Each structure stands twice: as C-alpha cells, then as structure tokens.
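Thanks for coming. I have one structure to go through today, and I will take it part by part. Please have a look at it before I start.

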Amino acid sequence: QAIFLGFPLLGLKLAIGLLDRLDFFLGFESFYGVMNEFSGGFKAMLVKGERWTLSASVEGMYALFGTRASKEIRGPRWITAHRNFGVSPGVLISYQGVSPRAARLFLDARYLATFDTEPFAKDPLNGVPPNLLLGHNVLLHFGAEMPLSARTSFVFMLGLDIHGRSDDAVVMPVASLGLVTGL
C-alpha cells in the first residue's frame, strides 16, 4: 500500500501480487476534493536483473469533478489534464543498490489517454462539439523509495506532465511525498 501527499494530487494505492511477476492495484487520487478519481490496473515485471527491473503497467481511471467543465476556467482539468475517463499504459524502470536497505530509485514513463464526455462550445460560432473528446498526455516521473524499516519506506517523486490538449496547461510540475508499506 502507498499513501502520498503532493501537488497536484494526494492519494492512496493498494496493490496485491497475483503471481510472482504480476500485481493488481486499486487507487484513489484527489485534487484536494475538487476532483476525485478512482483507478485500477495491472503491473507486470518484464525483466529482472541483479539490481534493475523493467515493468509494464496499464491503468484505467474514472474521475468525478465538483464543477461542470463549462464552468471551470483554471481548475483540476487544466492542472491535471484528467477528464471523465482515462487509460494509462506505461513502463517503470527501477534500480536498487547492493544492500537490502539501499534506496530504490525509479523512473516511471506513461502515456495518458483521456476521454472527455462533457465537451462544450467555447464560442457560439464553434458549432456543436462532439460527444467525446480524446486527450493525449505524457507523464515522466522519477523518485526514490528509502527504507525506514523492513516493511516501510519513505517515497518521494518529482516529474513533469506534458499535456496535449490546448485547454490544459502545457507542462505541469508534479511532486509527492509519502509512505509505502507492506502487510
């Protein structure tokens, strides 16, 4: 399980190993109550070296917003680029030093496709918008897990989210601090 607090999101993620190299996870992220997003997905370890691992993941998301899209100007949609639904495939590379208590460094690169089911016309001459708009985003995050005990690690993460829709911030810095624990 992981609990994190940061900008722009805070969240909780619960994961369980289904097989030796396959994990299933459920998550909840919030833009401090203004946007609440539920997610689920799988992570599969593709390559395991002596100190390095390469994994692939896919995550599906459903978001609830406190404000209608037509009323929001620079809110959670603009900052996070998240919309009503999303799918995010990605790769995760991690490295751990020789000691079992060494920090685990990671790089997480993802593509985020968002599905906007609330498009609206900004100008009267734009015509009727389609029922669904697709957004394309690239998320690049790196960080470290630093063991505090045999079952708990402090984690920090920094990154950049690059948004493809003109309605969103072009680039958004991301930062999180949290705890990862094993049961």
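This is a predicted model: local features need pLDDT of at least 70, side-chain atom pairs count only at pLDDT 80 or more; totals for chains, interfaces and linings use all residues.

The fold first. The model contains a closed barrel of 10 strands, in the order β1-β2-β3-β4-β5-β6-β7-β8-β9-β10, and the pairing is antiparallel. From one strand to the next, the twist averages 20°.

Next, the aromatic rings. How many aromatic pairs does the structure hold? The count is four, and I will show two of them. In general, a pair of aromatic rings is described by the distance of the centres and the angle of the planes.

One of the pairs is Phe24 with Phe42, which is tilted, with 5.3 Å centre to centre and 50° between the planes. Phe24 is in strand β3, residues 22–30, and Phe42 is in strand β4, residues 35–48, so this pair ties together parts that are 18 residues apart in sequence. Phe24 is partly exposed, at a relative accessible area of 28%. Phe42 is also partly exposed, at 38%.

Another of the pairs is Tyr62 with Phe85, also tilted, with 5.2 Å centre to centre and 40° between the planes. Tyr62 belongs to strand β5, residues 52–65, and Phe85 to strand β6, residues 85–96, so the parts tied together here are 23 residues apart in sequence. Tyr62 is partly exposed, with a relative accessible area of 38%, and Phe85 is partly exposed too, with 37%.

There is also a charged residue at a ring. Arg77 lies over the face of Phe65, at 3.8 Å from the ring centre.

Is Ser153 buried or exposed? Ser153 sits in strand β9, residues 152–163, and its relative accessibility is 5%; the cut-off for buried is under 20%, so Ser153 counts as buried. The side chain of Ser153 makes a polar contact with the side chain of Arg104, at 2.7 Å. Leaving out residues up to four places away in sequence, Ser153 touches Arg104, Glu145, Met146, Pro147, Leu148, Gly178, Leu179 and Val180.

Ser88 is in strand β6 and is buried, with a relative accessible area of 1%. With residues up to four places away in sequence set aside, the residues that Ser88 touches include Ser57, Val58, Glu59 and Met61, as well as Arg110, Tyr111 and Leu112.

Met45, in strand β4, is partly exposed, with a relative accessible area of 23%. Apart from neighbours within four places in sequence, Met45 is in contact with Arg21, Thr53, Leu54 and Ser55. Between the C-alpha atoms of Met45 and Leu179 the separation is 22 Å, and these two residues are 134 residues apart along the chain.

Last, the backbone. Which two residues does a cis peptide bond join? They are Phe7 and Pro8, with omega about 5°. Pro8 is in the loop between β1 and β2, where β2 is residues 10–19.

Tyr32 is not a glycine, yet its phi is positive, about 50°. Tyr32 lies in the loop between β3 and β4 and counts as partly exposed, at 46% relative accessibility.

Ala81 is likewise a residue other than glycine, and its phi is near 65°. Ala81 is found in the loop between α1, residues 76–80, and β6. At 0% relative accessibility, Ala81 counts as buried.

That is what I have to show.

Conventions:
Residues are numbered from 1 along each chain as its sequence is written. Side-chain values use heavy atoms; hydrogens and water are left out. Rings of Phe, Tyr and Trp (its six-membered ring) pair if their centres lie within 6.5 Å; planes under 30 degrees apart count as stacked, over 60 as edge-to-face and the rest as tilted. Helices (H or I, at least four residues) and strands (E, at least two) are DSSP runs, numbered from the N terminus. Buried means under 20% relative accessible area, exposed over 50%, partly exposed in between (1.4 Å probe, protein chains only). A charge sits over a ring if NZ of Lys or CZ of Arg is within 6 Å of the ring centre and within 35 degrees of the ring normal. A polar contact is a pair of N or O atoms within 3.5 Å; within protein, one must be able to donate a hydrogen and the other to accept it, and residues adjacent in sequence count only if both atoms are side-chain atoms. Contact means heavy atoms within 4.5 Å. Two strands pair if DSSP finds at least two bridges between them. Axes are lines fitted to C-alpha atoms, for helices over the stretch in contact, and angles run from 0 to 180 degrees between N-to-C directions.
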